[in-house]
Amino acid sequence: MGRTERQAQKWRKKLERYREIQREIQSDASDILGSRNFYRMKEHIQHGNVTVNAHVMAVARYSVALSDRLHISCNRRELIRGALLHDYFLYDWHIPDKEKPHRLHGFYHPGVALRNASEEYTLTEREKNIIKRHMWPLTMVPPKYREAWIVTIADKWCSLLETLHMRRGHGAILDKLKRKEL
(Lines give C-alpha, C1' and ligand atoms only; values in the text may rest on other atoms or scores of the structure.)
Protein backbone atom coordinates (compact mmCIF):
# COMPACT_ATOMS: atom_id res chain seq x y z
CA MET A 1 0.00 0.00 0.00
CA GLY A 2 1.41 3.37 -1.01
CA ARG A 3 1.62 6.45 1.13
CA THR A 4 -1.09 9.01 1.03
CA GLU A 5 -0.21 12.49 -0.15
CA ARG A 6 -0.56 13.74 3.42
CA GLN A 7 1.93 11.15 4.71
CA ALA A 8 4.34 11.95 1.90
CA GLN A 9 4.09 15.66 2.66
CA LYS A 10 4.81 14.98 6.35
CA TRP A 11 7.92 12.95 5.46
CA ARG A 12 9.13 15.63 3.04
CA LYS A 13 8.76 18.22 5.79
CA LYS A 14 10.74 16.03 8.22
CA LEU A 15 13.45 15.46 5.63
CA GLU A 16 13.74 19.18 4.92
CA ARG A 17 13.99 19.93 8.67
CA TYR A 18 16.69 17.26 9.00
CA ARG A 19 18.63 18.87 6.14
CA GLU A 20 18.26 22.35 7.69
CA ILE A 21 19.69 21.09 10.99
CA GLN A 22 22.53 19.31 9.16
CA ARG A 23 23.39 22.55 7.33
CA GLU A 24 23.39 24.45 10.63
CA ILE A 25 25.68 21.85 12.22
CA GLN A 26 28.02 22.01 9.20
CA SER A 27 28.06 25.81 9.31
CA ASP A 28 28.74 26.09 13.05
CA ALA A 29 31.20 23.22 13.41
CA SER A 30 32.97 22.60 10.11
CA ASP A 31 36.34 22.57 11.92
CA ILE A 32 35.18 19.82 14.26
CA LEU A 33 33.47 17.78 11.54
CA GLY A 34 36.60 17.93 9.40
CA SER A 35 39.07 16.96 12.11
CA ARG A 36 40.95 13.69 12.05
CA ASN A 37 40.02 12.83 15.65
CA PHE A 38 36.33 13.46 15.03
CA TYR A 39 36.49 11.16 12.02
CA ARG A 40 38.31 8.52 14.13
CA MET A 41 35.26 8.38 16.41
CA LYS A 42 33.67 6.28 13.66
CA GLU A 43 36.01 3.47 14.72
CA HIS A 44 34.51 3.09 18.21
CA ILE A 45 31.10 1.83 19.29
CA GLN A 46 29.16 3.91 21.80
CA HIS A 47 25.85 2.16 22.57
CA GLY A 48 24.43 -0.95 20.95
CA ASN A 49 25.86 -0.89 17.43
CA VAL A 50 26.05 2.90 17.07
CA THR A 51 29.45 4.54 16.66
CA VAL A 52 30.54 7.43 18.87
CA ASN A 53 30.56 9.65 15.77
CA ALA A 54 26.97 8.74 14.85
CA HIS A 55 25.93 9.17 18.50
CA VAL A 56 27.29 12.71 18.88
CA MET A 57 25.80 13.72 15.52
CA ALA A 58 22.40 12.44 16.69
CA VAL A 59 22.77 14.28 20.01
CA ALA A 60 23.57 17.51 18.15
CA ARG A 61 20.51 17.09 15.89
CA TYR A 62 18.20 16.22 18.80
CA SER A 63 19.57 19.15 20.84
CA VAL A 64 18.75 21.62 18.07
CA ALA A 65 15.33 20.03 17.52
CA LEU A 66 14.59 20.05 21.26
CA SER A 67 15.51 23.71 21.66
CA ASP A 68 13.29 24.56 18.68
CA ARG A 69 10.37 22.40 19.75
CA LEU A 70 10.35 23.80 23.30
CA HIS A 71 11.16 27.35 22.15
CA ILE A 72 14.24 27.51 24.38
CA SER A 73 16.44 30.41 23.41
CA CYS A 74 20.11 29.53 23.61
CA ASN A 75 23.42 29.99 21.87
CA ARG A 76 22.97 27.53 18.99
CA ARG A 77 26.63 27.52 17.97
CA GLU A 78 27.77 26.57 21.48
CA LEU A 79 24.93 24.05 21.78
CA ILE A 80 26.01 22.31 18.56
CA ARG A 81 29.74 22.40 19.28
CA GLY A 82 29.28 21.15 22.84
CA ALA A 83 27.01 18.34 21.65
CA LEU A 84 29.56 17.23 19.05
CA LEU A 85 32.38 17.22 21.62
CA HIS A 86 30.54 15.82 24.64
CA ASP A 87 31.94 12.29 24.07
CA TYR A 88 35.35 13.28 22.68
CA PHE A 89 37.16 10.68 24.78
CA LEU A 90 38.80 9.02 21.72
CA TYR A 91 39.04 5.41 22.94
CA ASP A 92 36.85 2.32 22.81
CA TRP A 93 35.53 1.90 26.33
CA HIS A 94 34.33 -1.62 25.54
CA ILE A 95 37.89 -2.93 25.13
CA PRO A 96 39.65 -3.73 28.43
CA ASP A 97 42.82 -1.70 28.94
CA LYS A 98 45.25 -2.67 31.72
CA GLU A 99 46.99 0.71 31.77
CA LYS A 100 43.82 2.84 31.75
CA PRO A 101 40.87 0.66 32.84
CA HIS A 102 37.49 1.86 31.58
CA ARG A 103 35.44 0.32 34.40
CA LEU A 104 34.07 3.66 35.57
CA HIS A 105 33.83 5.14 32.09
CA GLY A 106 30.44 6.75 32.80
CA PHE A 107 31.95 8.79 35.64
CA TYR A 108 35.29 9.71 34.09
CA HIS A 109 34.79 10.16 30.35
CA PRO A 110 33.41 13.73 30.59
CA GLY A 111 36.75 14.88 32.06
CA VAL A 112 38.72 12.98 29.41
CA ALA A 113 36.50 14.41 26.66
CA LEU A 114 36.97 17.94 28.02
CA ARG A 115 40.74 17.52 28.17
CA ASN A 116 40.90 16.17 24.60
CA ALA A 117 38.58 18.86 23.22
CA SER A 118 40.48 21.63 25.06
CA GLU A 119 43.76 20.48 23.52
CA GLU A 120 42.31 20.69 20.03
CA TYR A 121 39.80 23.58 20.17
CA THR A 122 39.32 26.90 21.93
CA LEU A 123 36.22 26.26 24.05
CA THR A 124 33.80 28.70 25.63
CA GLU A 125 32.63 28.29 29.23
CA ARG A 126 29.27 26.98 27.96
CA GLU A 127 30.95 24.39 25.72
CA LYS A 128 33.15 23.26 28.62
CA ASN A 129 30.09 22.97 30.87
CA ILE A 130 28.22 20.94 28.24
CA ILE A 131 31.09 18.47 27.95
CA LYS A 132 31.89 18.26 31.68
CA ARG A 133 28.31 17.97 32.97
CA HIS A 134 26.47 15.95 30.31
CA MET A 135 26.53 12.81 32.48
CA TRP A 136 24.59 14.39 35.32
CA PRO A 137 23.55 12.95 37.78
CA LEU A 138 26.69 10.78 37.64
CA THR A 139 28.82 13.95 37.60
CA MET A 140 27.08 15.05 40.84
CA VAL A 141 27.24 18.76 39.92
CA PRO A 142 24.36 19.64 37.57
CA PRO A 143 24.79 21.60 34.34
CA LYS A 144 25.00 25.38 34.72
CA TYR A 145 23.70 26.58 31.34
CA ARG A 146 20.50 25.79 29.44
CA GLU A 147 22.61 24.55 26.49
CA ALA A 148 24.19 21.97 28.81
CA TRP A 149 20.77 20.89 30.07
CA ILE A 150 19.51 20.47 26.52
CA VAL A 151 22.50 18.34 25.51
CA THR A 152 22.19 16.29 28.73
CA ILE A 153 18.55 15.49 27.93
CA ALA A 154 19.23 14.79 24.24
CA ASP A 155 22.16 12.54 25.20
CA LYS A 156 19.99 10.50 27.58
CA TRP A 157 17.28 10.12 24.91
CA CYS A 158 19.72 9.09 22.15
CA SER A 159 21.54 6.71 24.52
CA LEU A 160 18.27 5.03 25.45
CA LEU A 161 17.25 4.54 21.81
CA GLU A 162 20.69 3.20 20.90
CA THR A 163 20.94 0.86 23.89
CA LEU A 164 17.51 -0.59 23.20
CA HIS A 165 18.46 -0.96 19.52
CA MET A 166 15.64 1.37 18.52
CA ARG A 167 18.13 3.42 16.52
CA ARG A 168 20.51 1.54 14.29
CA GLY A 169 24.08 2.59 13.80
CA HIS A 170 27.08 1.61 11.75
CA GLY A 171 28.42 -1.05 14.12
CA ALA A 172 27.45 -3.89 11.78
CA ILE A 173 29.48 -2.26 9.02
CA LEU A 174 32.45 -1.93 11.38
CA ASP A 175 32.20 -5.63 12.28
CA LYS A 176 32.25 -6.58 8.58
CA LEU A 177 35.28 -4.36 7.93
CA LYS A 178 37.16 -5.80 10.92
CA ARG A 179 36.46 -9.37 9.76
CA LYS A 180 37.81 -8.56 6.28
CA GLU A 181 41.02 -7.17 7.81
CA LEU A 182 41.72 -10.42 9.67
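**Close-up views of a predicted model**

**View 1. A lysine and a tryptophan ring.** Lys14 puts its charged end over the ring of Trp11, 5.0 Å from the ring's centre. A charge sits over a ring when NZ of Lys or CZ of Arg is within 6 Å of the ring centre and within 35 degrees of the ring normal. This is a predicted model, where local features need pLDDT of at least 70, side-chain atom pairs count only at pLDDT 80 or more, and totals for chains, interfaces and linings use all residues. Residues are numbered from 1 along each chain as its sequence is written, and side-chain values use heavy atoms, with hydrogens and water left out.

**View 2. Helix α4 and what follows.** Helix α4 covers residues 52–69; helices here are DSSP runs (H or I, at least four residues), numbered from the N terminus. Its 18 residues should span 26 Å at 1.5 Å a residue, and the end C-alpha atoms are 25 Å apart, so the two agree. (The expected span is 1.5 Å times one less than the number of residues.) Of those 18 residues, 13 are buried, meaning under 20% relative accessible area, with exposed over 50% and partly exposed in between (1.4 Å probe, protein chains only). After α4 comes His71, with a positive phi near 55°.

**View 3. The largest nonpolar core.** This core has 33 residues, and Phe38, Leu84, Leu85 and Tyr88 have the most contacts inside it. A nonpolar core is a set of buried Ala, Val, Leu, Ile, Met, Phe, Trp, Tyr and Cys residues joined through side-chain atoms within 4.5 Å. Leaving out residues up to four places away in sequence, Tyr88 touches, among others, Phe38, Met41, Val112 and Tyr121; contact means heavy atoms within 4.5 Å.

**View 4. Two tryptophans, edge-to-face.** The structure holds two aromatic pairs. One of them joins Trp136 and Trp149, edge-to-face, at 5.1 Å centre to centre and 70° between the planes. Rings of Phe, Tyr and Trp (its six-membered ring) pair if their centres lie within 6.5 Å; planes under 30 degrees apart count as stacked, over 60 as edge-to-face and the rest as tilted. Trp136 lies in the loop between α7 and α8, while Trp149, 13 residues away, is in helix α8. Trp136 is partly exposed because its relative accessibility is 30%, and so is Trp149, at 31%.

**View 5. Arg133 and its contacts.** Arg133 belongs to helix α7 (residues 125–133). Beyond its neighbours within four places in sequence, Arg133 contacts Thr139, Val141, Pro142, Pro143 and Thr152.

Conventions: Helix = DSSP H or I, 4+ residues; strand = E, 2+ residues; numbered from the N terminus.
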